[in-house]
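Q: Can you walk me through this one? I care about the charged side chains and the core.

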Amino acid sequence: AFFARFCNLSKIDVSGARLPMLPATIVTCRGLLELVVDGNGLTTLPDLRACAKLRRISCCRCRIIQLPAWLGECTQLVELDASANRIASPLPSLRARGVDSF
């Protein structure tokens, strides 16, 4: 698994890499603070609850139509940029916690 070799990464930026999905092994990056996947063909995000330190996710200009419910369990998340997607409604759990999302 590719990400298993880089488990100490704090930031992953694969913007514009034309990825249809992220590998599930990304969760081996337990120290991940920031994930940037802008401009990819993603329709969803893998379950990143294991990345307990995650503070920022940017998934602009992807093909996401619904935010995954597990995002509400990411207690360290302070910024979510999911702009330029087709998301119908934000997660109430994120809004209640004051997570900056746009």
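A: What follows goes through charged residues, salt bridges and the core.

A: This is a predicted model, in which local features need pLDDT of at least 70, side-chain atom pairs count only at pLDDT 80 or more, and totals for chains, interfaces and linings use all residues. Residues are numbered from 1 along each chain as its sequence is written, and side-chain values use heavy atoms, with hydrogens and water left out.

Q: Where is Asp38?
A: Asp38 sits in the loop between β2 (34-36) and β3. Strands are DSSP runs (E, at least two residues), numbered from the N terminus.

Q: Is Asp38 buried or exposed?
A: Asp38 is buried, yet has no salt bridge. Buried means under 20% relative accessible area, exposed over 50%, and partly exposed in between (1.4 Å probe, protein chains only). A salt bridge needs a side-chain nitrogen of Lys or Arg within 4 Å of a carboxyl oxygen of Asp or Glu.

Q: What is the nearest side chain of opposite charge to Asp38?
A: Arg61, 4.6 Å away. For charge, Lys and Arg count as positive and Asp and Glu as negative, while His and the chain ends are not counted.

Q: Which side chain makes a polar contact with Asp38?
A: Ser58, at 2.7 Å, side chain to side chain. A polar contact is a pair of N or O atoms within 3.5 Å; within protein, one must be able to donate a hydrogen and the other to accept it, and residues adjacent in sequence count only if both atoms are side-chain atoms. Also, a polar atom of the Asp38 side chain lies 3.4 Å from the backbone nitrogen of Cys59.

Q: Back to Arg61. Where does Arg61 lie?
A: In the loop between β3 (56-58) and β4 (79-81). Arg61 counts as exposed because its relative accessibility is 51%.

Q: What does Arg61 touch, leaving aside neighbours within four places in sequence?
A: Asp38, Gly39, Asn40, Ser83, Ala84 and Asn85. Contact means heavy atoms within 4.5 Å.

Q: New topic. How many salt bridges does a search of the whole structure find?
A: Five. One of them joins Arg56 and Glu34 (2.6 Å, N to O). That pair links distant parts of the chain: Arg56 is in strand β3 and Glu34 in strand β2, 22 residues apart.

Q: Which network of salt bridges includes Arg56?
A: Lys11, Glu34, Arg56 and Glu79 are linked in one.

Q: And Glu73, what is its salt bridge partner?
A: Arg49, with the closest N and O atoms 3.1 Å apart. Glu73 lies in the loop between β3 and β4 and Arg49 in the loop between β2 and β3, so the pair ties together parts 24 residues apart in sequence. Arg49 also meets Asp47 in a salt bridge (2.4 Å, N to O).

Q: Last one, the core. Which members of the largest nonpolar core touch the most other members?
A: Leu35, Leu45, Cys59, Leu71 and Leu80, out of 27 residues. A nonpolar core is a set of buried Ala, Val, Leu, Ile, Met, Phe, Trp, Tyr and Cys residues joined through side-chain atoms within 4.5 Å.

Q: What is Leu71 in contact with, leaving aside neighbours within four places in sequence?
A: Ile57, Leu77, Leu80, Leu91, Leu94 and Arg97.

Note on methods: Helices (H or I, at least four residues) and strands (E, at least two) are DSSP runs, numbered from the N terminus.
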